[in-house]
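Here are a few notes to go with the model as you look it over. Take them in order, with the structure open beside you.

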Amino acid sequence: MNRYPFEYEHSKPFLQQVGEWVADVFYDILPEAGFEVRDEQIYMAFQLERAFAEKQTIFAEAGVGTGKTLVYLLYAVCYARYHRKPAIIACADESLIEQLVKPEGDLAKLAQHLSLAIDARLGKSQDRYLCLAKLEHARTDYEDVEIYRSLYEELPSFVHKSEGLQSFYAYGDRKQYPHLNDVQWERINWDPFQDCFVCDKRHRCGQTLSREHYRQSTDLIICSHDFYMEHVWTYEGRKREGQLPLLPDHCMVVFDEGHLLESAAQKALTYRIKHTIFEEQLTRLLKNEIRESLAVLIDEAIERSEALFELLERQSVSISGSDRRQINLNDKLIQSVTKLRGTLDGIEEELVFESELYTLDSYQLRIVEEHLEMMQKALSLFQSSSSLICWATESPTGLTLVIMPKAVKEVLRERVFSMNMPVVFSSATLSINGSFDYLAYSLGVEKYLSFSVDSPYDYENRMEVLAPKWKDGASFDEKMGTAVKMLQRTEGRALILFPSKEELNQFKDAVPSYAECADMSFGFEGDREISHLISDFQRDEKSVLCAVTLWEGLDVPGPSLSNVIVWSLPYPPQDPVFTAKRQEATSPYEEVDLPYMLLRLKQGIGRLIRTREDSGMIVILSERIHDDAALREAIESLLPQGVVLTVD
């Protein structure tokens with residue numbers, strides 16, 4: 001069987017032959033199957049050919065309807081087969097992964113119309129999988145225990161047996177539990193504090209089995225940005241511990257919706273410390289035969305850790321519009337950290353001596369040593385507070401201290417962009433006013449190729465953009481009244497985008513009191529698994545979908561999405577990450593807040609028109625548009641050519 005979908009000639013450059021085949025696909029093969037010929041795809045193909053040939057990073061900005069996904073998929077499959085290593089397609093989030101692999105998605109189209117068998121496997125983020133250890137506790141720890149008991153009883157029988165598995169069996173994926181809301185799911189999913197090394201079910205865990213499956217892919221591994229950056233961040237540590245990296249060796253990577261990679265990197269490149277987990281790790285040592293000097297230090301470390309987290313509770317405050325708590329870094333807090341670090345130094349020295357006595361289980365000892373090493377690295381950043389960004393998050397089991405080094409750009413530059421492989425950033429929104437500098441600088445990309453192609457759709461006659469004006473300065477009641485009127489105008493069929501969960505929940509609480517919406521069906525992100533919410537929205541034409549994370553990637557063609565309501569302009573939150581970026585900027589609003597908002601707004605606007613036949617309206621609920629002429633001008637510059645911002 002031919003490895004490539006074309007007759008390979010050894011005398012000609014491989015990528016030149018790929019380019020010729022891609023041209024045949026778009027000019028001959030797909031048009032014969034009823035597809036429209038798009039010059040934008042051929043142009044993009046030539047640009048990608050250069051990036052692959054030179055193994056460079058390329059910003060591929062292509063508007064809606066240009067068919068950019070088909071182009072990079074064709075190149076990725078051929079390149080993977082040439083190098084005999086899989087290509088990575090990293091999507092911004094799990095809902096985008098589902099868009100790519102759904103039955104009517106681009107992979108299915110290629111398989112059907114090109115008779116091309118593509119080995120594409122999903123590498124989903126760890127927190128998308130059920131944790132058997134947490135499920136065990138959930139059966140007794142929560143009010144709705146019946147839900148978790150039912151889930152436990154429905155587990156595959158091999159989970160509780162010892163015989164070997166005969167074949168791969170997928171289970172434990174978040175998608176398989178659509179009836180659980182986000183709170184219920186977070187009680188039983190994997191989280192960074194799960195100690196998988198000592199779990200007796202780790203070899204029967206759905207996450208482990210899925211990992212073994214996707215590693216065998218010969219063409220594509222499709223994952224999220226978060227998962228790819230987790231792979232990058234843990235690569236050296238996992239190799240040092242004798243574990244396989246999260247992803248296998250690969251030949252190239254595509255970052256779909258690549259403008260969101262920075263936030264994924266920030267999320268992955270963090271240290272997380274929790275008192276209850278630290279105490280659990282050290283208490284494990286007390287169950288062994290250890291010397292009194294070590295036992296005393298362990299008790300002291302637990303006390304100092306507890307004191308540190310009690311201090312963090314008092315020294316942190318909630319941030320509106322964010323699930324993070326702002327920490328007030330002061331001398332008292334730094335002194336508490338210094339004391340804890342001193343005790344940890346003593347424990348590490350004692351463990352060296354204990355290891356020579358062979359009184360401790362070597363496996364458990366290594367786990368504790370790795371945890372202490374992580375804590376020392378994280379807490380050492382406090383010694384030079386200018387090099388860290390930190391915050392706290394709350395949970396039923398106490399605060400988590402999250403510490404992130406500021407040098408995210410340096411990590412990306414070293415571990416992603418210097419790997420001598422093609423890196424493709426694909427999105428409809430990578431530039432601002434024609435420049436890619438904002439994105440390149442924020443990611444640490446020093447050398448890159450780039451191009452932009454516009455959407456071929458007739459936006460001027462198919463898109464209406466409204467900016468309503470109010471008497472009382474856009475009060476909540478005024479915005480609710482306008483939103484309800486706009487929903488009536490399209491009889492539902494709307495996507496409402498919120499910048500924060502806080503604003504979504506406020507709308508969710510208020511909308512039942514509006515009789516005009518009584519016959520409308522609403523879906524709220526967080527109530528159920530997101531891909532099922534999207535499917536229901538598309539299937540129920542007059543329904544309304546309310547979301548925080550669907551500013552990009554949502555692809556719902558047809559009348560089901562005829563109205564996009566932007567609840568408020570999506571400026572970045574006042575959380576520690578963006579506060580740090582603002583502090584480093586000469587002009588924080590122009591360099592940080594405005595570019596972020598414009599990119600996100602442009603993505604949100606892009607949810608409306610997905611095919612030539614689509615039409616509808618964008619409604620932006622913001623008083624600032626009317627008060628700030630420069631802001632209004634910046635927003636108008638985002639709109640497709642011929643589309644006018646109308647004050648309603």
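1. A term to start with: a salt bridge here is a side-chain nitrogen of Lys or Arg within 4 Å of a carboxyl oxygen of Asp or Glu. Keep in mind that you're looking at a predicted model. By that rule, Asp575 and Arg324 make a salt bridge, with their closest N and O atoms 2.7 Å apart. Searching the whole structure turns up 28 salt bridges.

2. Now the domains. The chain is split into domain 1 (273-404) and domain 2 (463-647). Their contact draws on 10 residues from domain 1 and 8 residues from domain 2.

3. How much area do domain 1 and domain 2 bury between them? About 720 Å², with 63% of it on carbon and sulfur atoms. Gly321, Arg324 and Ile389 supply 49% of what domain 1 buries against domain 2, more than any other three residues. The rule finds 1 salt bridge across this interface, and there is 1 residue pair in polar contact between the domains. Strand S9 (residues 388-393) gives the most to the side of domain 1 that touches domain 2, with 3 residues.

4. Have a look at Glu394 and Arg325 too, a salt bridge with the closest N and O atoms 3.6 Å apart. Glu394 sits in the loop between S9 and strand S10 (400-405) while Arg325 is in strand S8 (residues 325-327), so the pair ties together parts 69 residues apart in sequence.

5. Arg139 is partly exposed at 21%, and so is Glu136 at 33%.

6. Arg128 is in the loop between strand S3 (120-123) and helix H6 (132-141). With 14% relative accessibility, Arg128 counts as buried. Among the residues Arg128 touches are Glu94, Arg174, Trp185 and Glu529. Arg174 is itself buried, at 2%, and forms a salt bridge with Asp182 at 3.4 Å between the closest N and O atoms.

7. Last, helix H19 (residues 476-489): its 14 residues reach 20 Å from first C-alpha to last, close to the 20 Å expected. Just after H19, Glu491 takes a positive phi of about 50°.

Notes
Residues numbered from 1 in each chain as written. Predicted model: local features only at pLDDT ≥ 70, side-chain atom pairs only at ≥ 80, totals over all residues. Heavy atoms only, no water. Helix = DSSP H or I, 4+ residues; strand = E, 2+ residues; numbered from the N terminus. Expected span 1.5 Å × (residues − 1). Domains from an automatic or database assignment. Contact = heavy atoms within 4.5 Å. Buried area = accessible area lost by both parts, 1.4 Å probe. Polar contact = N/O pair within 3.5 Å; in protein donor to acceptor, adjacent residues only side chain to side chain. Buried < 20%, exposed > 50% of the residue type's maximum accessible area, 1.4 Å probe, protein only. Lists of a residue's contacts leave out its neighbours within four places in sequence.
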